[in-house]
Amino acid sequence: MATLHGHTAQVTGPHLLPSDSIGFSFADQVHLDLIGVEPHLNRWLDDLGVLRATSQGLKLLKDGSSTLSIGDETLAFRQTIFLDDQALVDHLPLPQWPRVVRRQIYSSLLIAPNRPLVAPMVFDIDSGSSLVSLSGGGVSLIAVGDTTLAYADAERLLETIGGGEIVGQRQFTRLLTTDGLPAFGRVGIGLGADVVLSAEPYASFLVPALARWIGGVPTETEAAYFAERLVTRTNKSPSEAVPTRIASSS
C-alpha cells in the first residue's frame with residue numbers, strides 16, 4: 001500500500017527486530033527531532049519578537065478571551081488558542097470539555113542504548129510504542145499506559161538495540177479523540193477557546209494551513225478539511241476516520 005502511494009518501503013531484516021516480529025522500513029519520511037529543533041526555533045521566535053511565557057498566570061474567560069500576568073504587567077488577549085495538552089488540562093473548565101476528547105496516560109523512558117537504532121524512529125504497531133533516536137546518542141521510548149507497561153515494552157523492544165540502560169522516566173497525560181481524528185476549533189458554538197488536539201505526528205506540517213484557517217483565509221480544500229474535524233463534532237464511525245491529504249498551498 002505504501003508503494004502504491006509513492007513511498008519507498010522495504011522489508012526489515014529479522015536480525016534488526018525483536019524476536020517473532022516482522023517489520024518494514026520507510027526511507028523517504030520526514031521526522032523532526034524536537035530536542036534538536038527547539039533551540040533553533042526559540043532563536044527564530046526571539047528574532048521575531050514573539051513573547052514566550054509560562055501559562056501559570058493565565059486566566060481564561062468563558063468567551064475565549066484571556067489575561068496573562070507577567071510580573072507586574074497584565075496582558076489581555078481577545079482569543080486564546082491551546083496547542084499544548086497540559087495547558088488545556090490546567091485551564092479549560094470541565095463544563096467546556098468537548099465530548100470527543102478523552103485522556104490517555106503515556107510514559108517516556110530515556111535509554112542509553114548498547115547500539116544505535118536501525119532508523120531515526122521505530123514504531124511498534126502492536127503496542128503503539130515508539131523508539132526515537134535523540135541527539136547525543138540516547139533513545140527515547142514512548143509507550144501507551146503507565147510506566148509498568150512502558151518497562152514491559154522496553155524489555156521486548158530493546159532487543160533492536162542489543163539492550164540498554166534505562167536512565168530516566170516520566171509519566172504524562174495526552175488528550176486524544178474518541179474517533180481517532182484530530183480536533184480543531186472552538187470548544188463552544190461560536191465562543192470559547194480554540195484548541196488543536198491529537199494532531200501528532202504531523203501537526204508541524206499543518207501549521208501553515210491551520211494559520212490560514214484560524215485567520216479566516218483558508219483555501220477551499222483546507223476549509224473542508226478542518227470543517228470535518230471540528231472539536232464540536234459528533235463521533236464518526238471508524239470507516240469515516242480516514243486521514244485526508246491537504247493540497248499544498250504557497
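Which glycine just after H4 takes a positive phi? Glycine 216 does, with a phi of about 85 degrees. The model is predicted: local features need pLDDT of at least 70, side-chain atom pairs count only at pLDDT 80 or more, and totals for chains, interfaces and linings use all residues. Residues are numbered from 1 along each chain as its sequence is written, and side-chain values use heavy atoms, with hydrogens and water left out.

**Overall content and confidence**

- The protein has five helices and 13 strands; helices (H or I, at least four residues) and strands (E, at least two) are DSSP runs, numbered from the N terminus.
- Of the 250 residues in the protein, 34% are buried; buried means under 20% relative accessible area, exposed over 50%, and partly exposed in between (1.4 Å probe, protein chains only).
- Among contacts (heavy atoms within 4.5 Å) with a separation of 6 or more, 59% join residues 24 or more positions apart.
- The average pLDDT, the predictor's confidence in each residue from 0 to 100, is 81 for the protein, and 80% of the residues score at least 70.
- Confidence is highest in H5, at a mean of 94, and lowest in strand S2 (residues 24–26), at 66.
- Over residues 237–250 pLDDT stays under 50, and the model has 17 contacts beyond four places in sequence for this stretch.
- Where pLDDT is low, the predicted coordinates should not be read in detail.

- In helix H4 (residues 203–214), the buried residues are Leu206, Ala209, Leu210, Arg212 and Trp213.
- Viewed down the axis of H4, these buried residues fall within an arc of 160 degrees, so they line one face of the helix; the arc is that of the directions from the helix axis to the C-beta atoms.
- Strand S12 (183–186), strand S13 (194–197) and helix H5 (220–227) are what the buried residues of H4 pack against.
- The axes of H4 and H5 come within 10 Å and cross at roughly 90 degrees; axes are lines fitted to C-alpha atoms, for helices over the stretch in contact, and angles run from 0 to 180 degrees between N-to-C directions.
- H4 contributes Leu206, Ala209, Leu210, Arg212 and Trp213 to the contact, and H5 contributes Glu222, Ala223, Tyr225 and Phe226.
- The residues of this contact divide into seven nonpolar, no polar and two charged (Ala, Val, Leu, Ile, Met, Phe, Trp, Tyr, Cys and Pro count as nonpolar, Asp, Glu, Lys and Arg as charged, and the others, Gly among them, as polar).

**Helix H3**

- Thr147, Ala150, Asp153, Ala154 and Leu157 are the buried residues of helix H3 (residues 147–157).
- Their arc around the axis is only 115 degrees, which puts them on the same side of H3.
- Thr148 and Glu155 are exposed, on the face of H3 turned away from its buried side.
- The cover over the buried residues of H3 includes strand S7 (101–113), strand S9 (130–133), strand S10 (139–144) and strand S11 (164–177).

- Serine 108 is part of strand S7 and counts as buried at 12% relative accessibility.
- Beyond four places in sequence, serine 108 touches Ser140, Leu141, Ile142, Gly168, Gln169, Arg170 and Phe172.
- Glutamine 96 lies in the loop between helix H2 (85–91) and S7 and counts as buried at 18% relative accessibility.
- Apart from neighbours within four places in sequence, glutamine 96 contacts Lys62 and Val187.
- A distance of 9.3 Å separates the C-alpha atoms of glutamine 96 and alanine 193, which are 97 residues apart along the chain.
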